[in-house]
Amino acid sequence: MTNIVDQITGHRRMRRNRKADWTRRLVQENRLTVDDLIWPVFVVPGTNVVEPIPSMPGVKRMSVDRLVEAAKEAADLGVPALATFPNVEMSLRDETGSNSLAADNLINQATRALKKHVPQIGVITDVALDPFTSHGHDGILRGSEIVNDETVAQVARAAVVQADAGSDIIAPSEMMDGRIGAIRQALDEAGHQNVGIMSYATKFASAFYGPYREAIGTGGLLKGDKKTYYIDPANGTEAIRDAALDVEEGADMLMVKPGLPYLDICFRMKEAFGLPVFAYQVSGEYAQIRAAAINGWIDGDRVMMETLLAFKRAGCDGILTYFAVEAARALAKKG
Ligand code: PBG
């Protein structure tokens, strides 16, 4: 006589493969490795400066010299690349973000120092204008409009200046139309054929960016919101269409941002294009996990690793995460 469970399952029991650590290891489908991690970092002017960011416990803004030290540690752990974001002095910010074009601006200083002292780590730089504008928008503000074409022209010039400083990958995050093609053309004309473009292809008008804006000092500056250029969180098909244009215009890698609430987009992007797809686990996602962990409400280390693995399962090739160094350490310990 067969028992009732065997009658129901027809002897198919999912738990057989889960019965021991060794079976679970054998059947594990996805793995997180240190090669999947990109570390976003915040740069401040000065020397020997390390400042905590209150809404991102554990994350610090660093002057270039301290950033170089931190980058060495990350490189020793095997982290492939950094993504740098500058907290620019207020006196250098203006209506058009003109400091974005300065060869020796903070972001380019950081790139030069990193390429000189830690050449084995990749440097990814954002070309959006928000760290440089007095209004905190990613583009040029004329009246009440973020003007597309003028912004694209400036962003393309800024990309060349960043590539001149040694940036390995240009990552435009300002969501203007036509930017990928314009940047590619500008880079090629300047002889930077080997500099890649990681497009922030699907960037949503999200509330998860709050702590980042504090980190680069745009929080109090921002007038209005970014809904006329970022994608509505309600729209998945529009996001894929937007990414398709970036692919046509020559993007080498695609990004989805924020991360965890947008895993469906990660999956669709990988299916649709087959290009490398990266997720950005953004500041608000980091803050949520950190805050709950600090309060003892969740096991922070396990939640960190689980979220990073979830990106892999969704099809991502890698993750930009403020946890990069911590996760790399945990992975090294695991062996
Ligand atoms: C803007 C930019 C943002 C982030 C990186 N570059 C968003 C914004 O402030 O609008 C967010 C990153 C994060 O939240 O971790 N160009």
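Which residues are buried in helix 5? In this predicted model, where local features need pLDDT of at least 70, side-chain atom pairs count only at pLDDT 80 or more, and totals for chains, interfaces and linings use all residues, the answer is Asn148, Thr151, Val152, Gln154, Val155, Ala156, Ala158, Ala159, Val160, Val161, Gln162 and Ala163. Residues are numbered from 1 along each chain as its sequence is written, and side-chain values use heavy atoms, with hydrogens and water left out. Buried here means under 20% relative accessible area, exposed means over 50%, and partly exposed lies in between, with a 1.4 Å probe and protein chains only. Helices (H or I, at least four residues) and strands (E, at least two) are DSSP runs, numbered from the N terminus.

Helix 5 covers residues 148–164, and its 17 residues reach 24 Å from the first C-alpha to the last, close to the 24 Å expected at 1.5 Å a residue, where the expected span is 1.5 Å times one less than the number of residues. Because 12 of the 17 residues of helix 5 are buried, this helix is largely enclosed by the rest of the structure. Its buried residues pack against helix 4 (106–117), strand 5 (122–126), strand 6 (140–142), strand 7 (145–147), strand 8 (169–171) and helix 6 (179–189), contact being defined as heavy atoms within 4.5 Å. Just after helix 5, Gly166 takes a positive phi of about 115 degrees.

Side chains of opposite charge can pair when their charged atoms come close. A salt bridge is counted when a side-chain nitrogen of Lys or Arg is within 4 Å of a carboxyl oxygen of Asp or Glu, and a search of the whole structure finds 16 of them. One of them joins Asp246 to Arg179, with the closest N and O atoms 3.6 Å apart. Asp246 lies in helix 8 (residues 237–249) and Arg179 in helix 6, so the pair ties together parts that are 67 residues apart in sequence. Both Asp246 and Arg179 are buried.

Within helix 6, Asp188 forms a salt bridge with Arg184, the closest N and O atoms being 2.9 Å apart; because they are 4 residues apart in the helix, about one helical turn separates them. Asp188 counts as partly exposed at 30% relative accessibility, whereas Arg184, at 14%, counts as buried. Arg184 also forms a salt bridge with Asp252, at 3.9 Å between the closest N and O atoms. Asp252 lies in the loop between helix 8 and strand 10 (253–257), so its pairing with Arg184 of helix 6 ties together parts that are 68 residues apart in sequence.
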